[in-house]
Amino acid sequence: MSMTATTRKIEEVSIVDLGGRITIGEGTAVLKEAVRSLLNKRETKILLNLGDVSYIDSSGIGELVSSFTTAGKQGGKLKLLNLTKKVHDLLSITKLLAVFEVFDDEAKAIRSFS
Amino acid sequence: MKNQDSVIELKIQSSLEYTELVENITNNLTLMAGCDSDQAYFIEMAVREVVVNAIRHGNQMDLDKIVRVQYRFNSERFEVEVLDQGNGFDFEHLPDPCNPENLMKSSGRGIFLVRSFMDDFSLAYIPNQGTEVKFTKKLSRP
């Protein structure tokens with residue numbers, strides 16, 4: 001299954017609904033492009049909704065880290081929403097849960113940006 | 001399933017376009033082996049990480065070089081061996097991706113994840129052949 005990324009905006013927060021597999025190649029490229037295009041438009045409050053992400057590999061994790069760093073360098077914030085148990089486990093074991101702000105409630109996540 | 005080992009061997013060119021094929025075959029084999037969904041997920045992940053490493057870092061995407069994947073399984077364990085035709089690397093000193101100085105790096109987590117989710121893991125350089133990665137998932141039954 002290929003990777004999809006659809007962006008919507010609530011208040012000043014850009015929510016990127018991701019679906020499919022974030023894996024090396026197309027998956028990581030779609031994520032990278034989605035985040036970079038928001039930052040290019042100075043949309044710096046970014047919430048990645050991973051609820052429909054079925055699979056993420058080490059390159060996908062790397063792209064999440066890279067996107068987080070890139071957003072931070074541009075004065076932005078990138079946060080995560082709706083981790084599946086598997087993605088949660090992967091971020092936990094790689095100690096990245098301490099890096100990312102993670103939410104399971106969209107309204108609460110949006111409020112956290114203000 | 002009978003307790004005699006099933007053995008399947010696969011050889012692919014060093015192109016990432018074959019990773020999905022390898023995944024599909026892996027998923028079929030974990031189904032045959034009677035793996036539960038978590039076991040199947042992590043075996044697929046491990047095979048994918050190691051094969052991608054073999055293609056990219058081992059064989060440097062050289063289409064004249066082959067990656068060999070051998071599966072061996074029975075009702076108690078699922079073993080995978082991946083052999084590339086590269087020149088090896090310093091796997092004794094792989095950086096720990098969880099160290100603070102490496103935490104924000106965008107790469108270097110693949111082998112760590114495989115080690116974390118498999119029950120046995122080994123890496124060896126075989127002279128004149130390449131790097132061989134072996135890992136095993138025990139298939140505990142309720």
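**Exercise 1. Which hand does the crossing of helix 1 and helix 2 of chain B have, and how do these helices run relative to each other?**

*Solution.* Let's start with the hand: in this predicted model, helix 1 of chain B crosses helix 2 of chain B in a right-handed way.

Step 1. Find the angle and the distance. Helix 1 spans residues 19-33 and helix 2 spans residues 37-58 of chain B; their axes come within 9 Å and cross at roughly 150 degrees.

Step 2. List who takes part. Helix 1 of chain B brings B:Thr19, B:Val22, B:Glu23, B:Thr26, B:Asn27 and B:Thr30 to the contact, while helix 2 of chain B brings B:Gln39, B:Ala40, B:Ile43, B:Glu44, B:Val47, B:Arg48, B:Val51 and B:Val52.

**Exercise 2. Now take helix 2 and helix 3 of chain B: is their crossing left-handed or right-handed?**

*Solution.* Step 1. Helix 3 of chain B covers residues 110-117, and its axis comes within 9 Å of the axis of helix 2 of chain B, at a crossing angle of roughly 150 degrees.

Step 1. That angle makes helix 2 of chain B roughly antiparallel to helix 3 of chain B.

Step 2. Check the hand: the crossing of helix 2 and helix 3 of chain B is left-handed.

Step 3. Look at the residues. From helix 2 of chain B come B:Phe42, B:Met45, B:Ala46, B:Glu49, B:Val50 and B:Asn53, and from helix 3 of chain B come B:Gly110, B:Leu113, B:Val114 and B:Phe117. By class, this contact has seven nonpolar residues, two polar ones and one charged one.

**Exercise 3. How are helix 1 and helix 2 of chain A oriented to each other, parallel or antiparallel?**

*Solution.* Step 1. The axes of helix 1 and helix 2 of chain A are 9 Å apart, and the helices pack at an angle of about 10 degrees.

Step 1. Angles under 35 degrees count as roughly parallel, so helix 1 and helix 2 of chain A are roughly parallel to each other.

Step 2. Find the partners. A:Gly27, A:Thr28, A:Leu31, A:Lys32, A:Val35 and A:Leu39 of helix 1 of chain A meet A:Ser59, A:Gly60, A:Glu63, A:Ser67, A:Thr70 and A:Ala71 of helix 2 of chain A. Sorted by class, that contact holds four nonpolar, six polar and two charged residues.

**Exercise 4. Which element gives the largest share of the largest nonpolar core?**

*Solution.* Step 1. The largest nonpolar core has 32 residues, and A:Leu18, A:Ile46, A:Leu48 and A:Leu50 are those with the most contacts inside it.

Step 1. Two or more residues come from each of these elements of chain A: strand 2 (13-22), helix 1 (26-40), strand 3 (45-56), helix 2, strand 4 (77-81) and helix 3.

Step 2. Strand 3 of chain A gives the largest share, seven residues.

Step 3. Zoom in on A:Leu48. Leaving out residues up to four places away in sequence, A:Leu48 touches A:Val16, A:Leu18, A:Leu78, A:Leu80 and A:Leu81.

Step 4. Look beyond this core. Another core, of 30 residues, lies apart from it and includes A:Ile24, B:Val52, B:Val69 and B:Val133.

**Exercise 5. Is A:Asn82 buried or exposed, and is B:Asn128 buried or exposed?**

*Solution.* Step 1. A:Asn82 sits in the loop between strand 4 and helix 3 of chain A, and B:Asn128 in the loop between strand 4 (120-126) and strand 5 (130-138) of chain B.

Step 1. Read the backbone angle. Phi is near 55 degrees, a positive value, for A:Asn82, and about 65 degrees, also positive, for B:Asn128.

Step 2. Count neighbours. A residue is buried with 20 or more other C-beta atoms within 10 Å, and exposed with 12 or fewer. A:Asn82 has 21, so A:Asn82 is buried; B:Asn128 has 5, so B:Asn128 is exposed.

**Exercise 6. Which helix of chain A gives the most to the side that touches chain B?**

*Solution.* Step 1. The contact takes 15 residues from chain A and 16 residues from chain B.

Step 1. On the chain A side, helix 2 (58-73) and helix 3 (85-93) each supply at least two residues.

Step 2. Helix 2 of chain A gives the most, with seven residues.

Methods:
Residues numbered from 1 in each chain as written. Chains lettered and ligands numbered in written order. Predicted model: local features only at pLDDT ≥ 70, side-chain atom pairs only at ≥ 80, totals over all residues. Contact = placed C-beta atoms within 7 Å. Helix = DSSP H or I, 4+ residues; strand = E, 2+ residues; numbered from the N terminus. Axes fitted to C-alpha atoms, helices over the stretch in contact; angles between N-to-C directions. Left-handed = near helix turned anticlockwise from the far one by under 90°. Core = buried A, V, L, I, M, F, W, Y, C linked by C-beta atoms within 7 Å. Parallel < 35°, antiparallel > 145°, perpendicular 65-115°, else oblique. Nonpolar A, V, L, I, M, F, W, Y, C, P; charged D, E, K, R; others polar.
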